[in-house]
Amino acid sequence: PRVAVLPAGAIVPDAEVDADGIIHVAYLKDDDVFYVRSDDEGTTFAEPIRVNTEAGFAYGARFRGPDLAVGEDHCVHVVWYNAGYQQKRPQEEWGVMYARLEPGAKRFGKDRNLNQRPSDNFSLAADGKGNVAVIWMAGGIFATLSHDGGKTFLPAADLKVDPCECCGSRAIYSSDGGLSVLYRDKTDNLRDTNIARLATGSAKWTSVEISKTPWQIDSCPMTGSFLSHTRNGLAAAWETKNQIYFATLDRTAATKPREIRVPGEGRYPGVLVSDEGTKLVAWKNDTTLEWQFFGSDDQPRGERGSMAEAGPDRPAGVVTQSGKFVLFP
């Protein structure tokens with residue numbers, strides 16, 4: 001893969017490629033969230049745009065960072081953690097922050113606090129039909145949905161699951177219109193990785209466990225997970241006992257997949273899949289970015305790669321239109 005260079009000080013990035021091949025990246029720098037785009041597969045980037053309306057009112061590190069999604073008409077959506085707790089503000093000022101960059105606009109619209117309550121583990125999904133999903137946790141997992149491209153949002157829906165609230169979630173819309181949310185469960189202190197699914201046209205969430213290696217601990221491991229598209233479905237990556245695992249699923253995530261263990265140790269994994277089925281799994285091992293290629297048969301290809309002194313925080317990555325893998329440490 002190629003490791004792209006973001007502006008100095010950028011941490012916990014999130015990235016997506018749109019239908020035109022443009023790479024969109026959101027990241028935290030100091031106490032602000034910034035957005036950049038690249039029209040040349042991550043070789044160069046445009047000038048950063050601050051996302052949060054109030055300067056200095058953002059927070060993050062390790063697995064907590066902004067999440068970005070590109071929706072209908074290339075509208076860019078971003079969610080992030082505000083600094084209400086760190087700044088000792090009233091609890092109604094805490095919560096999940098959201099802003100959107102409309103096509104052709106030079107700055108993000110005024111940001112919004114979507115839930116006004118202490119919450120954690122934000123993730124975001126958008127599709128090309130105007131659907132936007134903001135996922136957050138507060139004693140459970142909730143989905144705040146929009147069907148008009150983020151202009152308005154419905155009241156939050158309770159997924160009615162028992163999540164490990166300090167482990168990162170990921171959300172994604174499948175090509176069939178279904179919404180999937182990857183999360184860690186904590187029932188009976190079994191910290192297994194699950195996918196919750198909202199099928200197109202349904203109001204009922206279903207959940208299936210996808211990790212096979214049990215992890216029974218009485219505290220949250222505070223790590224991340226990842227979801228991405230494949231040609232025929234989804235790919236998921238997660239950590240269990242400081243080991244990285246991944247699996248591929250069909251679009252409905254209705255059947256339990258085969259769990260693949262990745263050589264090496266670490267946390268905050270991501271998995272990217274090319275149209276040919278080649279997979280790149282990347283993760284952080286302390287401050288080293290590590291990665292391993294897998295073939296379409298899920299067997300390792302080549303030696304494990306690494307980049308030292310990449311920082312301890314969650315990495316990101318994309319597959320470009322030409323099939324190249326680009327990582328953001």
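Predicted model: local features only at pLDDT ≥ 70, side-chain atom pairs only at ≥ 80, totals over all residues.

Q: Is Asn121 buried or exposed?

A: Asn121 counts as buried, because its relative accessibility is 0%, and the cut-off for buried is under 20%.

Q: What does the side chain of Asn121 reach?

A: The side chain of Asn121 reaches the backbone oxygen of Cys167, at 2.7 Å.

Q: Which residues is Asn121 in contact with, leaving aside its neighbours within four places in sequence?

A: Among them are Phe63, Tyr81, Ile135, Trp136 and Met137. The list also includes Cys164, Glu165, Cys166, Cys167, Gly168 and Ser169.

Q: Several cysteines there. How many disulfides does the count come to?

A: The count comes to zero disulfides, with a pair of cysteine sulfur atoms required to lie within 2.5 Å.

Q: And are Cys164 and Cys166 buried or partly exposed?

A: Cys164 is buried, since its relative accessible area is 1%. Cys166 has a relative accessible area of 26% and is therefore partly exposed.

Q: Let us step back. How many helices and strands does the protein have?

A: The secondary structure comes to zero helices and 27 strands.

Q: What is the radius of gyration, and what would a compact globule have?

A: The protein has a radius of gyration of 18 Å; a compact globule with 329 residues would have one near 20 Å, so the value agrees. Along the principal axes, the C-alpha atoms fill a box of roughly 45 × 45 × 40 Å.

Q: What share of the residues is buried?

A: Of the 329 residues, 56% count as buried. The accessible surface comes to about 13,900 Å², and carbon and sulfur atoms account for 48% of that.

Q: What about contacts between residues 24 or more positions apart?

A: Such pairs make up 48% of the contacts with a separation of 6 or more.

Q: What is Val262 in contact with?

A: Beyond its neighbours within four places in sequence, Val262 is in contact with Gln243, Ile244, Phe246, Val281, Trp283, Gln292 and Phe294.

Q: And Phe325: where is it found?

A: Phe325 is found in strand S27, and it is buried because its relative accessible area is 9%. Phe325 and Leu280 are 45 residues apart in sequence, yet their C-alpha atoms are 7.6 Å apart in space. Setting aside neighbours within four places, the contacts of Phe325 include Pro1, Arg2, Leu272, Leu280 and Phe293.

Q: A last topic, backbone angles. What is phi of Asn242 and of Asp286?

A: Phi of Asn242 is near 70°, and phi of Asp286 is near 60°. Each is a positive value in a residue other than glycine.

Q: Where are Asn242 and Asp286 found?

A: Asn242 is in the loop between S19 (233-240) and S20 (243-250). Asp286 is in the loop between S23 (279-285) and S24 (288-294).

Q: Exposed or partly exposed?

A: Asn242 has 30% relative accessibility and so counts as partly exposed. Asp286 is exposed, because its relative accessible area is 60%.

Technical notes. Residues numbered from 1 in each chain as written. Heavy atoms only, no water. Helix = DSSP H or I, 4+ residues; strand = E, 2+ residues; numbered from the N terminus. Buried < 20%, exposed > 50% of the residue type's maximum accessible area, 1.4 Å probe, protein only. Polar contact = N/O pair within 3.5 Å; in protein donor to acceptor, adjacent residues only side chain to side chain. Contact = heavy atoms within 4.5 Å. Rg over C-alpha atoms; globule rule 2.2 N^0.38 Å. Areas by Shrake-Rupley, 256 points an atom, 1.4 Å probe, with all protein chains shown as cover.
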